[in-house]
Amino acid sequence: MFNEERFSSLITTSCVDLDNILGGGINCKEVTEIGGVPGIGKTQIGIQLAVNVQIPLEYGGLGGKAIYIDTEGSFMVERVLQIAEACIEDMSEYSHHFHKDNQAYGVKMHPNSILENIFYFRVCSYTEQIALVNYLDKFVTEHKDVKIIIIDSVTFHFRQDFDDMALRTRLLGEMSLKLMKLARNFCLAVVMLNQVTTKHIEGSFQLTLALGDSWSHSCTNRIILYWNGNERHAYIDKSPSLKSASAPYSVTSRGIRNSTSSSKRIKMV
Amino acid sequence: MANKLINQMALPKSIANIFAARNIITAKDALSLTEFELMELLDVGMAEVTSAMAHISEVVCPPCQTALLLMEQRVRNESLAGHLPTRLKGLDEALCGGIPFGVLTELVGPPGIGKTQFCLKLSLLASLPVNCGGLDGRVIYIDVESKFSSKRLIEIGTKSFPEIFHKKGMAQEMAGRIRILRPTSLSEFAESLQRIKVSLLQQQVKLLIVDSMAALVLGEHDCGASRQQALGWHVSFIKSLAEFSRIPIVLTNQVRSHIGDESLMYSFQAQSRPTKEDNPVTFDSHLVAALGINWAHAVTIRLVLESRSGQRFIKLAKSPMSPPLAFPFNITSSGIVLLDDDGIEMKGPEINTIHCQGQNALFNFEF
């Protein structure tokens, strides 16, 4: 088991500080939940990961493909193209810097091929969402190079249409078990994006991730994206192997990147 | 998809009969139970259930596309790869061409700031012929508060596109492409949407405007959880309408005052709550968008219209493709006009706060 763990692969987020608190990046074989308020950058991270999973082995990546499950219609192709182009430019620069004399390292990727390696599913109801998760076993068997599954967001269709909360909990529980199995059996990363809601705790309203308390057991790692003053931060809320820590990141025209502020210290909580 | 009948899915007869016998008729019925529950209900083994559910899931599952295919389709089939230009240069550039097709764009701001003006201009732009930068289509304008003014519409048209509007009959034709609906309740609104869905492709509708969504929702008698549920259903429906028809849908929203001084935080932040410097008493009222956080998650693009120190701004508060830019604007006889196409980039909580300061309710016309 220990040997197996050492070889699990990591997908970079393109932000050094974020990668550091994640132990190098998003882990394959694990289910990672990322939640936050609207506009904080959840979809941005999702798209960045769908691109970064494709970084070739010679650049330290996995050379894999991505499945993007869109439940809200947030997937904007224009943005994917922007991020893909920036990723290729960064690889070119790296290649130029480190392998000036070696022509063989020239980047041969085209943004279109990055777009081609993202398998996109648009889900319009919780029924379709459950059906799709069931079907993924067959799909990934037929596409063994898929290394990440992103669900954006896992919440949307489960927030309406449910009078029976107990049923919702059972269905969500079964769905997350299947996702964990997929992650382990096929050695890929599952990233679930979640929304927020307000909860009344100890006399005041607080923000919390949606889908209830029992849902918090459905993922291996839980990351909360939040505003800290004028900066976006990511906080490791739950993880069996990572320390609770917070790191700044930014969303730029090129995608997710390091924060531009001068105080880039990682805060240990 | 969810209502597909199980007996039409080519399952082996034996298991199909068992489903029917236990009243599991549609895919939704089957997928609304866990496999364990199905095993108990149908009284068959887990392997059989899993196999049947794998089959049903594959049938009901949405089709797979690649991101490349999506992009190529849009570039090939749609105007400007799926964008409706607003003719506000800075905003169009930030939005990669204009208001995107297939998703919800929200316009939120205090009363009198210019939301309806923006909607009127967009209606016009969608109805214009393609060679003038329009979509050459019909517009459905859901005018909840009876703010639509054909007179103002034609004035905007005549001032913005004199070459087109001075032609005989053009003004009438363009105005004629805009159909006004005035539902008085959410359920009436839902009914109109159902009818619109059916005739969307036939009628060449290229833009749907809801002015305002807030008035529609907040006008309902019940409050709290049931209102949120109703809103949730309607939002889901409108989103699927947008995607199915690949048209832009623009909805306006109201503002309400912010409850309490501190913004909401997570429990882990409670330890390090930043101390806020005391705000001197100003006439600055601090506002937030109405309709709640679920709504804020559901819209893809949020355009905030606000006023600071007497100057109006249109801010890209939420957009997957753009940095959070604020553009100063004025309202003239030809509609909204940007004063600066470069925009100012905003940071942090400023992106989402809505200011209403030093502005009188009547808009100033510059002649």
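Select strand β8 of chain B and show side chains: B:I249, B:L251 and B:N253 point one way, B:V250 and B:T252 the other way, and all are buried. Buried here means under 20% relative accessible area, with exposed over 50% and partly exposed in between (1.4 Å probe, protein chains only). Helices (H or I, at least four residues) and strands (E, at least two) are DSSP runs, numbered from the N terminus.

A word on ground rules: this is a predicted model, where local features need pLDDT of at least 70, side-chain atom pairs count only at pLDDT 80 or more, and totals for chains, interfaces and linings use all residues. Residues are numbered from 1 along each chain as its sequence is written, chains are lettered from A and ligands numbered from 1 in the order in which they are written, and side-chain values use heavy atoms, leaving out hydrogens and water.

Strands pair if DSSP finds at least two bridges between them. Click B:V108 and you'll find B:N253 opposite.

Now bring in β7(B), residues 205–211, which pairs with β8(B) in the parallel sense over 3 bridges. Here B:V210 has B:L251 as its bridge partner.

Last stop: B:L38, in helix α3 of chain B (residues 35–42). Is B:L38 buried or exposed? It is buried, at a relative accessible area of 0%. Show its contacts (heavy atoms within 4.5 Å): leaving out residues up to four places away in sequence, B:L38 touches B:F19, B:I24, B:A30, B:L33, B:D43, B:V49 and B:M53.
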